[in-house]
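Hi,

Here is the structure I promised to send over. Have a look, and my notes follow below.

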Amino acid sequence: MSTPVKKVPIHLQSAQNRLLIKHGKVVNEDDITEDDIYIEDGVIKQLGRNLIIPGGTRVIDARGKYVLPGGIDPHTHFEMEFMGAKSVDDFYQGTKAAVAGGTTMIIDFVMPKKGESILDAFYEYRQKGDDKVCCDYGLHVALTHWNEQVRREMEVLCKEHGVNSFKVFMAYGFMLNDSELYSVFETCQKLGAVAQVHAENGAIIAKNVERLLAKGITGPEGHEMSRPEEVEAEAVNRACVIAKQVNAPIYILNVTTEESGNIIRTARSKGQTVFGEVRAGSIGLIGDPRNANMITAPAIRSRPETPFQLLGLLASDVLQVTGSDNCTFNKSQKEMGKNDFSKIPNGVNGVEDRMSVIWEKGVQSGMIDPCRFVAITSTNAAKIFNIYPRKGCIAVGSDADLVIWDPTKTRTISASTHHQAVDFNIFEGMVCHGVPEFVIVNGRVCVDDGQLRVVQGHGHFVETPVYAPFVYDPEKIADLKPVRNGTHDDNLSEHVHKVTIEDKACPTPTLPDSAVSTPSVRGPRPEGQRNIQDSTFSISEDLDVDRKSCIRVRNPPGGKSSGFW
């Protein structure tokens with residue numbers, strides 16, 4: 001597919017420049033309010049009721065719907081070469097699908113070949129992504145080998161290129177040994193970065209594969225058999241132990257078992273900084289070991305109670321983030337391993353369906369509330385990777401990445417209607433309550449009353465600065481709380497302090513003084529004036545529910561569960 005020059009047409013710029021969202025229930029991680037949102041030049045400029053806005057502003061009525069921060073998917077693999085195949089969703093198709101599902105930013109993984117310069121690999125991924133992405137994106141960098149050059153290049157990526165996270169593998173052909181893991185964790189701690197861990201015991205898996213193949217077990221069922229739950233849990237525990245030696249924060253990717261979650265719970269209870277992520281497929285599905293299309297690692301577990309257990313860990317903040325781990329290979333690519341399960345390319349879809357699946361299994365079931373949904377699909381990722389409050393919340397000065405979510409509508413997931421390049425969908429036939437009726441990316445309406453209207457190249461690379469306060473200085477977490485009401489004249493991103501390695505201090509992204517309003521839940525406005533787009537006024541605009549200016553949902557940091565935990 002040819003890649004057009006990254007340029008948004010002038011008529012689209014002018015048509016989408018100003019936007020007012022009215023009558024919606026605005027959901028952040030810690031509360032739900034009933035406010036209107038005025039957007040201009042891709043930024044939330046006003047938040048409150050009876051706003052003063054210019055003429056010619058497009059108005060979207062969100063009555064009866066939730067207005068959510070756009071989803072942030074921190075785990076995708078677009079255009080990735082892996083296990084002798086290349087994932088079929090590129091940065092255009094993948095981010096197009098992401099937007100269709102309510103995700104307005106992704107963070108992909110740079111995957112260097114073994115021995116390749118991680119800087120060169122980073123530049124290659126920037127070239128792949130910059131002119132294709134339909135929404136903003138960031139990059140983690142995987143460390144597929146370890147030496148002094150890698151250490152030096154990590155520092156360059158942190159200082160000069162806006163990378164604050166590095167992935168290590170404890171399995172696969174590019175797994176690092178314990179000594180190398182120690183060095184990586186130590187380097188991340190010194191740089192103010194986050195070490196991400198694919199936690200499985202690769203040595204045990206290799207021996208199990210050898211044994212199973214020798215016994216004639218060659219079908220897809222051998223995949224989960226070769227990497228049982230305790231093999232994951234052992235690696236999670238070992239990663240926590242190694243990280244503790246150098247006081248390094250770590251982020252465990254794709255937690256798939258309650259046992260692994262409980263290890264993280266114990267580490268966190270002792271004061272260790274450990275974050276956990278769950279794949280949408282592990283929440284939405286009970287694994288079918290015989291289905292090659294569901295092969296990924298760690299495996300989507302076949303025990304029926306596992307999704308419920310993982311949701312409980314997310315609800316109670318033992319685990320903090322949901323990702324898709326979108327790494328799509330077509331059926332023909334999966335068949336490369338039809339006679340040897342160890343050769344089936346690992347990966348599943350999910351970037352388009354993550355939000356709907358988590359809503360259906362979490363909110364619709366009553367296990368989590370909408371605030372916690374926002375935390376685990378957007379806000380916590382923004383905090384961990386240090387792009388909050390620019391992303392991950394609805395606040396004055398934040399980027400206008402928003403989803404108008406209709407909780408009453410349903411959709412049926414199917415490969416015949418999804419927007420991804422892959423020719424199957426692991427969630428095929430799943431009926432999900434909750435539909436993204438409008439999706440707004442950088443102020444532009446990209447899903448318009450259900451119709452997808454993305455622009456290739458509309459997104460930008462977003463730097464993720466080091467020393468995230470949420471990770472490195474929890475006492476400053478309260479300082480990150482953004483202005484929720486009032487007016488704002490400058491782009492928040494211009495006021496976020498970018499910390500260099502030499503600073504050795506935590507950034508505290510704040511809004512300028514001009515954005516600070518009075519403690520009132522109403523934004524400031526001249527006496528007697530009101531929103532000139534309103535033709536009528538009512539204190540009870542919803543049909544059956546009295547309208548209140550603010551509905552407070554008291555949650556601990558990161559939200560709380562509404563279930564029984």
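Predicted model: local features only at pLDDT ≥ 70, side-chain atom pairs only at ≥ 80, totals over all residues.

One definition to start: contact, or touching, here means heavy atoms within 4.5 Å. With that, Phe185 touches Val168, Ala195, Val197, Ala239, Ile242, Ala243, Val246, Ala248 and Ile250, leaving out residues up to four places away in sequence. Residues are numbered from 1 along each chain as its sequence is written, and side-chain values use heavy atoms, with hydrogens and water left out.

Phe185 is also one of the residues with the most contacts inside the largest nonpolar core, along with Phe166, Ile250 and Ile252; that core has 121 residues. (A nonpolar core is a set of buried Ala, Val, Leu, Ile, Met, Phe, Trp, Tyr and Cys residues joined through side-chain atoms within 4.5 Å; buried means under 20% relative accessible area, exposed over 50%, and partly exposed in between, with a 1.4 Å probe and protein chains only.) A second, separate core of 18 residues includes Ile21, Ile44, Val67 and Ile394.

Now for Asp136. Asp136 is buried, with a relative accessible area of 1%. Its side chain makes a polar contact of 2.6 Å with that of Lys391, and a polar atom of the Asp136 side chain lies 2.9 Å from the backbone nitrogen of His460. (A polar contact is a pair of N or O atoms within 3.5 Å; within protein, one must be able to donate a hydrogen and the other to accept it, and residues adjacent in sequence count only if both atoms are side-chain atoms.)

On to salt bridges, meaning a side-chain nitrogen of Lys or Arg within 4 Å of a carboxyl oxygen of Asp or Glu. The structure holds 30 of these salt bridges. Asp317 and Arg372 meet in one of them, at 3.0 Å from N to O. This pair links distant parts of the chain, 55 residues apart. Arg372 is buried at 0% relative accessible area, while Asp317 is partly exposed at 21%. Salt bridges that share partners also join Asp136, Arg390, Lys391, Asp399 and Asp401 into one network.

Last, Lys167: an unreviewed UniProt entry places the feature "modified residue: N6-carboxylysine" there. UniProt positions are in the numbering used here, feature names are shortened, and annotations may be inferred rather than shown by experiment. In the model, Lys167 is buried at 4% relative accessibility, and its contacts beyond four places in sequence include His75, His77 and His198.

Cheers

How values were computed
Helix = DSSP H or I, 4+ residues; strand = E, 2+ residues; numbered from the N terminus.
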